[in-house]
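Biologist: I would like to learn how to read a structure like this one. Please take me through it one feature at a time.

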Amino acid sequence: MENQTVTQARESAATDYRRSVELMNRAIGLEIATSLQYMYFHVRCEDAGYRYLARMFRNISIAEMRHIEQFADRILFLKGDVDMNPSFRARPLTDVKEMLKMAYELERSTIDNYNSWAKACSEACDAVSHRLFRTILQEEETHFDTFDTEHQNIEDYGKEYLALQSIARSRAATAHKTEDWEK
Ligand SMILES: [Fe+2]
Ligand SMILES: [Fe+2]
């Protein structure tokens, strides 16, 4: 009888981890797609001469890549398999304001998802996966804030804001020096 109870407890624990693995694989799909979307925005902004925004998209794209690795490490630790596929295809947006709007909407929905998935892990008694979602969630909140601020700047200052970035780049090139924000 005792053995049966132990077996049942183990089966229930295995089920709980399967739920965590499933949620972390969904997170990986989102992180891959988001990372590729930001890399697309990066090359577009770079090509248009918007150096500051190009750097911002590149840095956040790399941060999302790190999240993929963190979730994948945890999945493998739980003896699950990693589903390394994007959950959506990158959208070919070229308007900077639309890029920033899409970026902050992506972060907003990621924050909502991770809050609810962290709770699901907690309910399944998987404290470590719960903490991982919470930790990454904090970074997503800073991404949201960054994109939201830049979107607001364009709302407030319009094309002048973008023009200033191009002018700063040309001046730096003329002076043969690298500005802080270009490093
Ligand atoms: Fe992320
Ligand atoms: Fe993010």
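Modeller: Start with two definitions. Helices (H or I, at least four residues) and strands (E, at least two) are DSSP runs, numbered from the N terminus. The expected span of a helix is 1.5 Å times one less than its number of residues. Note also that this is a predicted model, where local features need pLDDT of at least 70, side-chain atom pairs count only at pLDDT 80 or more, and totals for chains, interfaces and linings use all residues. Residues are numbered from 1 along each chain as its sequence is written, while chains are lettered from A and ligands numbered from 1 in the order in which they are written.

Biologist: How many helices and strands does the protein chain have?

Modeller: The protein chain has five helices and zero strands. Read from the N terminus, its elements run α-α-α-α-α.

Biologist: What span should helix H3 have, and what is the distance between its end C-alpha atoms?

Modeller: Helix H3 covers residues 96-123, and at 1.5 Å a residue its 28 residues should span 40 Å. Its end C-alpha atoms are 41 Å apart, which agrees. The 27 residues of helix H2 (residues 51-77) should span 39 Å, and the ends are 40 Å apart, so that agrees too.

Biologist: Which residues of H3 are buried?

Modeller: The rule comes before the list. A residue is buried if 20 or more other C-beta atoms lie within 10 Å of its own, exposed if 12 or fewer, and partly exposed in between, with C-beta atoms placed from the backbone. An α-helix has 3.6 residues a turn, so residues three or four places apart point the same way. In H3 the buried residues include Val96, Met99, Leu100, Ala103, Tyr104 and Glu107. The buried residues of H2 include Met56, Phe57, Ile60, Glu64, His67 and Phe71. Over the 183 residues of the protein chain, 28% count as buried.

Biologist: How do I describe two helices that pack together?

Modeller: Two packed helices are described by the angle between their axes and the distance between the axes. Axes are lines fitted to C-alpha atoms, for helices over the stretch in contact, and angles run from 0 to 180 degrees between N-to-C directions. Angles under 35 degrees count as roughly parallel, over 145 as roughly antiparallel, 65 to 115 as roughly perpendicular and the rest as oblique.

Biologist: At what angle do the axes of H3 and H4 cross?

Modeller: The axes of H3 and helix H4 (residues 127-157) cross at roughly 160° and come within 8 Å. H3 and H4 are therefore roughly antiparallel to each other. The residues of their contact divide into 15 nonpolar, seven polar and nine charged. Here Ala, Val, Leu, Ile, Met, Phe, Trp, Tyr, Cys and Pro count as nonpolar, Asp, Glu, Lys and Arg as charged, and the others, Gly among them, as polar.

Biologist: Which residues does Phe147 touch?

Modeller: Two residues are in contact if their C-beta atoms, placed from the backbone, lie within 7 Å. Phe147 lies in helix H4. Not counting residues up to four places away in sequence, Phe147 touches Leu100, Ala103, Tyr104 and Glu107. Phe147 counts as buried because it has 24 C-beta neighbours inside 10 Å. Between Phe147 and Lys101 there are 7.7 Å in space, C-alpha to C-alpha, although they are 46 residues apart in sequence.

Biologist: How far apart are the axes of H2 and H4?

Modeller: The axes of H2 and H4 are 11 Å apart, at an angle of about 170°. H2 and H4 are therefore roughly antiparallel to each other. The contact residues divide into six nonpolar, five polar and three charged.

Biologist: Where is Leu30, and is it buried or exposed?

Modeller: Leu30 is in helix H1 (residues 2-48). Leu30 is buried, with 22 other C-beta atoms within 10 Å. Leaving aside neighbours within four places in sequence, Leu30 is in contact with Ser87 and Thr110.

Biologist: What phi does Lys79 have?

Modeller: Most residues other than glycine have a negative phi, and most peptide bonds are trans. Lys79 has a positive phi of about 65° although it is not a glycine. Lys79 sits in the loop between H2 and H3, and counts as exposed, with 9 C-beta neighbours inside 10 Å. Cys125, in the loop between H3 and H4, also has a positive phi of about 65°.
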